[in-house]
Structures are given as C-alpha cells and as structure tokens.
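Hello,

Here is the structure we talked about handing over. Please open it alongside this note; the findings follow below.

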Amino acid sequence: MCVQQVRGLFNMTKKSPCSVQALFDLCKQTFTPSATSPPSSQAVHKLYSLLDKIGPEEVGLKDESLEDERGHGLFGLNVFNRVDRWAQPITYVDIHEDQNFTMCMFCFPTSAVIPLHDHPGMTVLSKVLYGSLHVKGYDWVEPACIRKSVQIGHPTDEKVLRKGNMMHYLTVRLARLAVDKVITAPHSTSVLYPKSGGNLHCFTAITPCAVLDILAPPYLEAAGRRCTYYHDYPYSSFANGDEIVGNGKEQDYAWLAVVDTPEDLYMRPGRYMGPAIQR
C-alpha cells in the first residue's frame, strides 16, 4: 500500500503487551540492508504466522465494525453535527519506519477507498484486523505489453490527452488480475511480492475496517520506490484484434494507465496506542 509519514492523535483503546514486539523483532531480523529482496518463503512464513495471531486489541484498536454502521463509533461524532460517511477520512497510524521496513495501520470508515497503486520492488504483508475489505490487485504481464492510443470517450480525454492544441496519447500497460475478493476478519495474512500476489492493488471498505501493513523496503523516491497511482481499463478498451489474451479470458486482464495522485484521497494522522515497542 502507499504510505505517507504522518503522525498525530487518534483515540484508541490500550491493551496489554502481546506479540507486536515479537513481530517487530522478526521484521528487524528479516529486513536488513544486506537482506535479499524479496525475502525467502521461509522468512515470509514466519512473519505471517505471527501476523495471523494479532487482532485489533493487540495494537490498541477497538473493533469499529461492531458499533455505528457509519464507522464513526457510537460516540465518534457529535450527534448534532454528523458528517456524511463518504466524507470521512482514512486514518493512517505510523507504528515504525526505518530504511528497511515500515509497520503501519490504515483505519477505514465504510465506503472509504485507497485507489489503485503500486509497490515497486517491495514485499507487503497485510492483515485485516476487523471488518470487511474488498481487495482488487493486478500484476504486470511480462514481457511488458504497452499500447498508445487516443480513444474518444475515455474519461481522460479532456484532462490528459489534449493540452492546448497538442495531441497527447494515452499510454497503457497490460496487467493480469491477481486477486478480486472481500476479506473479512478474522482472516489469514495476505502477501504480495514485487512481481506477484497483486503488487498493484486498491482497497474499498465494505464496513468499518482496519489493516495492519508491513512494507519492505519502504517507499523511497530516491531509490526508485515511488508510489504511482493507476486507472484500470477493461481489456476490450485497447484490444486491436491481435489476440494477446485468449477468448474467454479477457475479464482476467486490464490495461493500466498512470494517473495523478487522486485529489480526493485524504488521510488523517493517528497515534499508535498499542504496547510500546522496544527498538
């Protein structure tokens, strides 16, 4: 997932120490400057085995999906000054970040969305702590299949393709659908890799929900790990009759185009209120 370093205050419940420290220690042992990328399958297995044991209480959260269906909690907003649930921001909680890995949480109100984005050269472990989350993910088709086209009627025509009197082509790249499902807690940890597992994905909250993420290595633009956002087009939108994809398989593929960071993507900072981690 895309991570910005933001910190602040967020009202969560405190619980007794648990396996979060063990998870941090294992991440520190696994993700080192000299470590291979991606980590070995054995190392990943150890990590998601620990993650599988963690629930919302272990990281200082309460299960908002059991309360008000809007995702505010029973007393989250003044009853006389409620804000529509679609206007509610996602809360980003920074647990730890260094040059080797990031540990963080995203707390979603109902219907909140993190748009389609990538994780270049990264391994990401995600655990849904409570609630239900729709995950849709793609992996690039290799070797790269790229098209350039001007398609009348595409939503990007006015904003991207025409600038002044100059014509600009829309560049798209073929991707294969890797995952398209709803994950409801309790559920096993999901893992994506640099070239598999749905490295380009988007999240949509079906109910209030929270996700604990470990990203390794972290986003770092100077190292070529910049978070890029995409729009996905159906395979038929740019098919030229050359049968890259066999009949009946078109729904498993899409063309992805780079887009600007969505203006309506808004995250508020939250403070980690779980057990203190000894670094």
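Is Thr 91 buried or exposed? Thr 91 counts as buried, because its relative accessibility is 1%, and the cut-off for buried is under 20%. Keep in mind that this is a predicted model. Thr 91 sits in strand E1, which covers residues 90-97. Its side chain makes a polar contact with the side chain of Arg 268, at 2.7 Å.

Overall picture

The protein chain has three helices and 15 strands. It holds 279 residues, and buried ones make up 47% of them. Take the contacts in the chain with a separation of 6 or more: 82% of these come from residues 24 or more positions apart. The accessible surface comes to about 14600 Å². Carbon and sulfur atoms account for 51% of that surface.

The cores

The largest nonpolar core has 29 residues. Leu 23, Met 103, Met 105, Leu 129 and Leu 212 have the most contacts inside it. H1 gives the most, with five residues.

Leaving aside neighbours within four places in sequence, Leu 212 is in contact with Leu 23, Leu 51, Ile 54, Ile 95, Met 103, Cys 104, Met 105, Leu 125, Ser 126, Lys 127 and Leu 129. Another core, of 24 residues, lies apart from the largest one. Among its members are Tyr 92, Cys 104, Leu 133 and Leu 215.

Strand E14

E14 spans residues 253-259 and is mostly covered. Five of its seven residues are buried. E14 pairs with E13 through six bridges, and the two run antiparallel. Within that pairing, Asp 232 has Leu 256 as its bridge partner in E14. E14 is also joined to E9 (residues 170-184), again antiparallel, by four bridges. There, Arg 176 has Tyr 253 as its bridge partner in E14.

Loops to check

Pro 38 is in the loop between H1 and H2. With a relative accessible area of 34%, Pro 38 is partly exposed. Which residues does Pro 38 touch, not counting those up to four places away in sequence? They are Thr 123, Tyr 193 and Pro 194. Pro 38 and Thr 123 are 85 residues apart in sequence, yet their C-alpha atoms are 6.1 Å apart in space.

Two cis peptide bonds deserve a look. One runs from Glu 142 to Pro 143, with omega near -5°. Pro 143 is in the loop between E5 (132-140) and E6 (146-149). The other joins Ala 216 and Pro 217, with omega about -10°. Pro 217 lies in the loop between E12 and E13 (229-234).

Finally, Ser 111. Its phi is positive, about 75°, although Ser 111 is not a glycine. Ser 111 lies in the loop between E2 and E3 (113-117). At 24% relative accessibility, Ser 111 counts as partly exposed.

Best wishes

Definitions and conventions. Residues numbered from 1 in each chain as written. Predicted model: local features only at pLDDT ≥ 70, side-chain atom pairs only at ≥ 80, totals over all residues. Heavy atoms only, no water. Buried < 20%, exposed > 50% of the residue type's maximum accessible area, 1.4 Å probe, protein only. Polar contact = N/O pair within 3.5 Å; in protein donor to acceptor, adjacent residues only side chain to side chain. Core = buried A, V, L, I, M, F, W, Y, C linked by side-chain atoms within 4.5 Å. Contact = heavy atoms within 4.5 Å. Areas by Shrake-Rupley, 256 points an atom, 1.4 Å probe, with all protein chains shown as cover. Pairing = 2+ DSSP bridges.
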